[in-house]
Amino acid sequence: MTAVCFTHPIDTIKVHLQTSRTPARALSAARRIVQEAGILGLYAGLSAALLRQGTYTMARFATYDLVKSQLSGTSQPTLATLSLAALLSGAAGGLIGNPAEILNVRMQNDRALPTHMRRNYRNALQGLSVMLREEGVRSLAIGVGPSVLRATMASASQFVSYDLFKRRMLDAGLPDSTAVHFAASFAAGLVATTVCSPADVVKSRTMAALRRSHVPAVTPSVWATCSTIYRTEGPRAFFKGWLPSYVRLCPQLVITFVIYEKLRKSYFARYK
């Protein structure tokens, strides 16, 4: 949650780029947001982002550590063990965090819509209430397919690459220090951003799509969405927002993993 407070403005710019049907640059998107809503417009959806971290990220970290420790025991986990733990943690995080993910995307993208089409959620809880009232319980599962896919790919690329980069540096004789955690998370961010970008674009498009209570909601399949993007915008569209994604994810992973390692060595160690 600490990391989100620092990186949320970049995430807002990323969502605007991903949901845009026309080419745009990060700086022009940021300028447009600030012109329309002021500097606080970059923090649109912060409450939903914090709710997402409290569900999605917590579920991922808890599941990953639990599965990894159960499968490896006291021995060093293998690549297969790390991969399986990452896949299961991603699936758990994607399912549990999907409602907060929908709210986050919608609140961040609201300013990009015409005034009469905006949802105007005041905060995450009020937005959740409106979703349930106008769209029903099934709305909580909007985009769950690409969300789980993206979360699975994110966990596999973040956790596994972080553990592998960290292990390589420790095997090279470097001490298990904050500098190693920083470098490993920095490299993991590069891998994760590239791997997750296509699924992230599809997820954002699906969740940001307008729905009205009097119109039956028809959510296109992942394949249909991918096909439409490829046909109308070309393959490069799957990497829209890559730069702000990396600029957001890199410091977020650094902060998250450094704090996590500190907690693992101090607080969590008491319960082993």
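Arg 21 sits in the loop that joins α1 to α2, where helices (H or I, at least four residues) and strands (E, at least two) are DSSP runs numbered from the N terminus. With a relative accessible area of 57%, Arg 21 is exposed; the terms used here are buried for under 20% relative accessible area, exposed for over 50%, and partly exposed in between, with a 1.4 Å probe and protein chains only. Setting aside residues up to four places away in sequence, Arg 21 touches Arg 205, Glu 233 and Lys 240, a contact being heavy atoms within 4.5 Å.

## Basis and confidence of the model

This is a predicted model, in which local features need pLDDT of at least 70 and side-chain atom pairs count only at pLDDT 80 or more, while totals for chains, interfaces and linings use all residues. Residues are numbered from 1 along each chain as its sequence is written, and side-chain values use heavy atoms, with hydrogens and water left out.

The pLDDT, which is the predictor's confidence in each residue on a scale from 0 to 100, has a mean of 86 over the protein chain, and 94% of the residues reach 70 or more. Over residues 212-217, however, the pLDDT is below 50, and this stretch has three contacts in the model beyond near neighbours in sequence.

## Val 201 in helix α8

Val 201 belongs to helix α8 and is buried, with a relative accessible area of 0%. Leaving aside neighbours within four places in sequence, Val 201 is in contact with Gln 18, Ile 229, Ala 237, Phe 238 and Lys 240. From C-alpha to C-alpha, Val 201 and Val 254 are 23 Å apart in space and 53 residues apart in sequence.

## Cysteines

A search of the whole structure finds zero disulfides, a disulfide being a pair of cysteine sulfur atoms within 2.5 Å. Cys 5 is in no disulfide, and the nearest cysteine sulfur, that of Cys 250, is 18 Å away. Cys 250 is likewise in no disulfide, the nearest cysteine sulfur in its case being that of Cys 196, at 14 Å. The accessibility of Cys 5 is 37%, which counts as partly exposed, whereas Cys 250 has 6% relative accessibility and counts as buried.

Cys 5 is found in helix α1 and touches Tyr 43 and Leu 50, not counting residues up to four places away in sequence. The C-alpha atoms of Cys 5 and Ala 224 are separated by 34 Å, the two residues being 219 residues apart along the chain.

## Backbone at Asn 120

Asn 120 lies in the loop between α5 (98-109) and α6 (124-135), and its relative accessibility of 49% makes it partly exposed. The phi of Asn 120 is near 60°, a positive value in a residue other than glycine. Most residues other than glycine have a negative phi.

## The second largest pocket

About 590 Å³ of space lies in the second largest pocket. On a 1 Å grid over the protein atoms alone, a pocket is an open set of points with protein on both sides within 12 Å along at least five of seven lines, a cavity is a set of points where a 1.4 Å probe fits but cannot get out, and lining residues have an atom within 4 Å of a point. Grid points are joined across faces, edges and corners, and a volume is the space filled by probe spheres set on the points.

Of the 21 residues that line this pocket, Ala 24, Arg 25, Phe 239, Lys 240 and Gly 241 lie nearest its centre. Helices α1, α2 (26-37) and α10 (242-265) each supply at least two lining residues, and the largest share, four residues, comes from α10. The lining divides into 13 nonpolar, three polar and five charged residues, where Ala, Val, Leu, Ile, Met, Phe, Trp, Tyr, Cys and Pro count as nonpolar, Asp, Glu, Lys and Arg as charged, and the others, Gly among them, as polar.

## The largest cavity

The structure holds three cavities of 30 Å³ or more, and about 210 Å³ of space lies in the largest cavity. The largest cavity is lined by 24 residues, of which Asp 11, Arg 52, Gln 53, Arg 248 and Gln 252 are the closest to its centre. Two or more lining residues come from each of α1, α3 (46-72), α5, α7 (144-171), α8 (178-208) and α10. By residue class, the lining of the largest cavity divides into six nonpolar, nine polar and nine charged.
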